[in-house]
Amino acid sequence: MKKGQILENIKIEKLVFWGKGFVRLEDWKVAFITGGAIPGALVDLRIIKKRKDFYETQITRVIQKSSIETGDYDLFPGAPWMNIKYSEQLKIKQSQIEEALFHVRKYQEDINFLPIIPAPEQFGYRNKIEFSFGKFISHKLDIFQEFNIWFHARGDFSRVEDYDSCLLIDTEQNEIYKKIRQFTKDSGLPVYDQKIWTGFWRHFMMRKMHFSGEILLVLSLFPSYFKSETNTNFDEIKSLNQIKEFMCSLAREFQSIKSIYISHNGNKADTLIGDMELVYGNETISENLLWLSFDIWPKSFFQTNSQGAEILYSLVRDFFTSYQGEEKVWTILDLYAGTGTIGMIFSDIAQEVISVELVEEASQNWKNNAEKNGVNNMSFVNAKVEVFLEEYLKNDKQADLLIIDPPRAGMHPDALPNILKFWTQQIIYVSCNPATLARDLQYILENSAYRIEKIQAVDMFPHTHHIETVVSLVKKES
């Protein structure tokens, strides 16, 4: 088989993590299928890359749709599984977790997989969404779209598509988005062109907190547009004042809008945030999770599904109390802490919580939130986890509980040996990537007296491949 070859009448076996389809071929190699793969569908595939042990392919023709496909929706980049029945999405995610840990069974056969927890809402669940402005010009396809706003096309980041709504946000958010879309299209100002670094409109970001209902808007502009000699048709001050007045009129129309920023974004990279100018309302909006209240800045990291976050954090707490009870512990290390939210949720049952996070801004924001909630037994350390652990143990310090919530890459290899040097009877590991979770668990089981007590996944992002998984590791009885 070679690159470009068409493979006919292939039945897609399953979806693997990252949403790719999987099939085993006659030559015993496997094919991974990008874009729109649904288990059970009969398709033709084109080989786009040939590797030593597998092929990368894409669908050229759907011969027969899968029985689990609904066909109810137009697919879009933020929700590639939209046409898979939700009950089947949960089955796929559950099987992906169990398959990812297949080799871990070499070290522990009796792994207790609890059933995945469904999302409370399948639609309108996102509390943060970002839209890009862009154009799509193709003489070959006879397409000349000069002003688009929505998501980047799946598999083609250079192309921004153009739609007037999104099923992952609620009705109010969609109404605000439509007004932004119409205003910018009517403005006469062009979209930013990433290839030649010119244009005006760049991004629009909206946060709407589920429990508080408060909304924060950020409109991202290219500030150097008016400086070009070719753009003398527009008066900079007048144009910016008109934009600000329009944004403030949205706040008068939608009472939930509490904060509006203009991002004067001169970065060449395709990023939302530049020099932030507050043009309306407060610097922050607030959200409530469990018994805590959080201030949210434009650049704050915060779980994008508030209802799902409550379920996830409650599960982490339950995994602790079901094993250790409600009695207080002395010291908790909250590693890869990000916002410090998990540490705050445990602050009432700890003498001390130490949250370790590399990003200084994240720690500063959530230090403010700890003070807001009257949490005075937390400290925030800006450091790489592997460096912090080395120094912490050098000083003969210990901890009674480790909570680990690493990024997709998993734990740093230098951090893994050191987490095994603590006396703690339990480690709680929160993962957003089954592959790196399996890798880290395999190391822990192979090199320590820990065993997996239980594992449970939480579906926080319906219609996508993303999975959050919580694992309780406990010391074997002597």
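The second largest pocket in this predicted model has a volume of about 380 Å³. A pocket here is an open set of points on a 1 Å grid over the protein atoms alone, with protein on both sides within 12 Å along at least five of seven lines. Grid points are joined across faces, edges and corners, and a volume is the space filled by probe spheres set on the points. The lining counts residues that have an atom within 4 Å of a point, and for this pocket there are 17 of them, with Lys135, Ser158, Asp193, Gln194 and Lys195 nearest the centre. Strand S8 (128-138), strand S11 (156-160) and strand S12 (201-208) each give two or more residues to that lining. S8 gives the largest share, six residues. Helices (H or I, at least four residues) and strands (E, at least two) are DSSP runs, numbered from the N terminus.

A word on ground rules. Residues are numbered from 1 along each chain as its sequence is written, and side-chain values use heavy atoms, with hydrogens and water left out. Since the model is predicted, local features need pLDDT of at least 70 and side-chain atom pairs count only at pLDDT 80 or more, while totals for chains, interfaces and linings use all residues.

Rolling a probe the size of a water molecule over the atoms shows where empty space is left. A cavity is a set of points where a 1.4 Å probe fits but cannot get out. Searching the whole structure turns up one cavity of 30 Å³ or more.

Next, an open sheet. Six strands line up in the order S1-S5-S6-S4-S3-S2, with mixed pairing. Strand S1 (6-11) and strand S2 (14-16) are the edges, each pairing on one side only. On average, neighbouring strands of this sheet are turned by 45 degrees against each other, direction ignored; the axes behind that angle are lines fitted to C-alpha atoms. Two strands count as paired if DSSP finds at least two bridges between them. Strand S4 (residues 30-34) and strand S6 (residues 54-64) pair in the parallel sense, and Phe32 stands opposite Glu56 in S6.

Here are some of the strand pairs.

| Strands | Sense | Bridges |
|---|---|---|
| S4 and S6 | parallel | five |
| S7 and S23 | parallel | three |
| S21 and S22 | parallel | three |
| S22 and S24 | antiparallel | six |
| S23 and S24 | antiparallel | eight |

Strands of a sheet pair through backbone hydrogen bonds, either parallel or antiparallel.

Buried means under 20% relative accessible area, exposed means over 50%, and partly exposed is in between (1.4 Å probe, protein chains only). In strand S23 (residues 450-458), eight of the nine residues are buried, so S23 is largely enclosed by the rest of the structure. Strand S22 (residues 426-431) is mostly covered too, with six of its six residues buried. Gln426, Ile428 and Val430 point one way from S22, while Ile427, Tyr429 and Ser431 point the other way.

Which residues face Tyr429 across the bridges? Ile404 stands opposite Tyr429 on one pairing, and Val471 in S24 is the bridge partner of Tyr429 on another.

Is Thr469 buried or exposed? At 1% relative accessibility, Thr469 counts as buried. Contact means heavy atoms within 4.5 Å. Leaving aside neighbours within four places in sequence, Thr469 is in contact with Ile97, Tyr429, Val430, Ser431, Leu437, Ile455, Gln456 and Ala457. By contrast, Glu99 in helix H1 (residues 86-100) is partly exposed, with a relative accessible area of 42%. The C-alpha atoms of Glu99 and Ala435 are separated by 9.5 Å, although the two are 336 residues apart along the chain.

Finally, the greasy interior. In soluble globular proteins, nonpolar side chains tend to be buried together. A nonpolar core is a set of buried Ala, Val, Leu, Ile, Met, Phe, Trp, Tyr and Cys residues joined through side-chain atoms within 4.5 Å. The largest one has 83 residues, and those with the most contacts inside it are Phe131, Ile176, Phe204, Leu217 and Leu219. Helix H4 (residues 306-324) supplies the largest share of this core, seven residues. Apart from it lies another core, of 44 residues, including Ile97, Leu393, Leu402 and Leu473.

Terms used
Axes are lines fitted to C-alpha atoms, for helices over the stretch in contact, and angles run from 0 to 180 degrees between N-to-C directions.
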